[in-house]
Amino acid sequence: MSANILLVDDSPTVRNILKIYLMNLKMGFVEAEDATRALQLLRLVPVKLVIADINMPGMDGITFVKQVRQSPLAQVRDVPVILLTGERGGDLRQRGVEAGANAFINKPVSHHDLTETVRKFLSQN
């Protein structure tokens, strides 16, 4: 069985673009349309990496990362999280780092940046 990447974004189009960009990594994908569902999936499905949007309805990406890092389950708490953002403000990144995000990728997502960042974290596992 291949390892899974959890894609968390309220836009099905963005999730599909991420899957297309990462197809060559031969990974499985688990998808969630919001952070609440993503937290449920993390408890149920082992994943090697999470890629989540910062701006989502309900729970935003920063709050999501805080919830992941506070999990009593090691397989949830220790999973690397990459946040996607269309915002350029440094404050948002700082709050993401403080919450426990491992990396950031700017939207629109670059195929090269996404692939290289994901490879870096997958090679650490």
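Helix axes are lines fitted to C-alpha atoms over the stretch in contact, and the angle between two of them is taken between their N-to-C directions. The close-up views below all come from a predicted model.

**View 1. Packing of helix α3 against helix α5.**
Helix α3, which covers residues 61-69, packs with α5 at an angle of about 15°, and the two axes lie 8 Å apart. Because angles under 35 degrees count as roughly parallel, α3 and α5 are described as roughly parallel to each other. Their crossing is right-handed. On the α3 side the contact is made by I62, V65, K66 and R69, and these meet L92, R95, G96 and A99 on the α5 side. Sorted by class, the residues of this contact comprise four nonpolar, one polar and three charged.

**View 2. Packing of helix α2 against helix α3.**
Helix α3 also has a packing partner in α2, a helix of residues 35-44, and here the axes come within 10 Å and cross at roughly 20°. With the limit for roughly parallel set at angles under 35 degrees, α2 and α3 are therefore roughly parallel to each other. The crossing in which α2 passes α3 is right-handed. From α2 the residues A35, A38, L39 and L42 take part in the contact, while α3 contributes F64, Q67 and V68. The contact of α2 with α3 has six nonpolar residues and one polar residue, and no charged residues are found in it.

**View 3. The salt bridge between E31 and R15.**
The structure holds seven salt bridges, and one of them is formed by E31 with R15, whose closest N and O atoms are 2.7 Å apart. R15 has a relative accessibility of 11% and so counts as buried, the cut-off for buried being under 20%. E31, by contrast, has a relative accessibility of 30% and counts as partly exposed.

**View 4. The salt bridge between D91 and R95 within helix α5.**
In helix α5, which runs over residues 90-99, D91 and R95 are four residues apart, so that about one helical turn separates them. Their side chains meet in a salt bridge with an N to O distance of 3.8 Å. D91 counts as exposed because its relative accessibility is 54%, and exposed means over 50%. R95, at 39% relative accessibility, counts as partly exposed.

**View 5. The salt bridge between R119 and E116 within helix α6.**
Helix α6, of residues 111-124, holds both R119 and E116, which lie three residues apart, or about one turn of the helix. The side chains of these two residues meet in a salt bridge at 3.9 Å, N to O. R119 counts as partly exposed at 39% relative accessibility, and E116 counts as partly exposed at 40%.

**View 6. K107 in a salt-bridge network and at a cis peptide bond.**
K107 is linked with D9 and D53 in a network of salt bridges. The peptide bond that joins K107 and P108 is cis, with omega at about -5°. P108 itself is placed in the loop between β5 (103-106) and α6.

**View 7. The backbone at K26.**
K26 has a positive phi of about 55°, although this residue is not a glycine. The residue belongs to the loop between α1 and β2. At 66% relative accessibility, K26 counts as exposed.

**View 8. I17 in helix α1 and its spatial relation to V109.**
I17 has its place in helix α1, which spans residues 12-22. I17 is partly exposed, with a relative accessible area of 36%. Although I17 and V109 are 92 residues apart in sequence, they are 8.7 Å apart in space, taken from C-alpha to C-alpha.

Conventions: Residues are numbered from 1 along each chain as its sequence is written. This is a predicted model: local features need pLDDT of at least 70, side-chain atom pairs count only at pLDDT 80 or more; totals for chains, interfaces and linings use all residues. Side-chain values use heavy atoms; hydrogens and water are left out. Helices (H or I, at least four residues) and strands (E, at least two) are DSSP runs, numbered from the N terminus. Buried means under 20% relative accessible area, exposed over 50%, partly exposed in between (1.4 Å probe, protein chains only). A salt bridge is a side-chain nitrogen of Lys or Arg within 4 Å of a carboxyl oxygen of Asp or Glu. Axes are lines fitted to C-alpha atoms, for helices over the stretch in contact, and angles run from 0 to 180 degrees between N-to-C directions. Angles under 35 degrees count as roughly parallel, over 145 as roughly antiparallel, 65 to 115 as roughly perpendicular and the rest as oblique. A crossing is left-handed if the near helix is turned anticlockwise from the far one by less than a right angle, and right-handed if clockwise. Contact means heavy atoms within 4.5 Å. Ala, Val, Leu, Ile, Met, Phe, Trp, Tyr, Cys and Pro count as nonpolar, Asp, Glu, Lys and Arg as charged, and the others, Gly among them, as polar.
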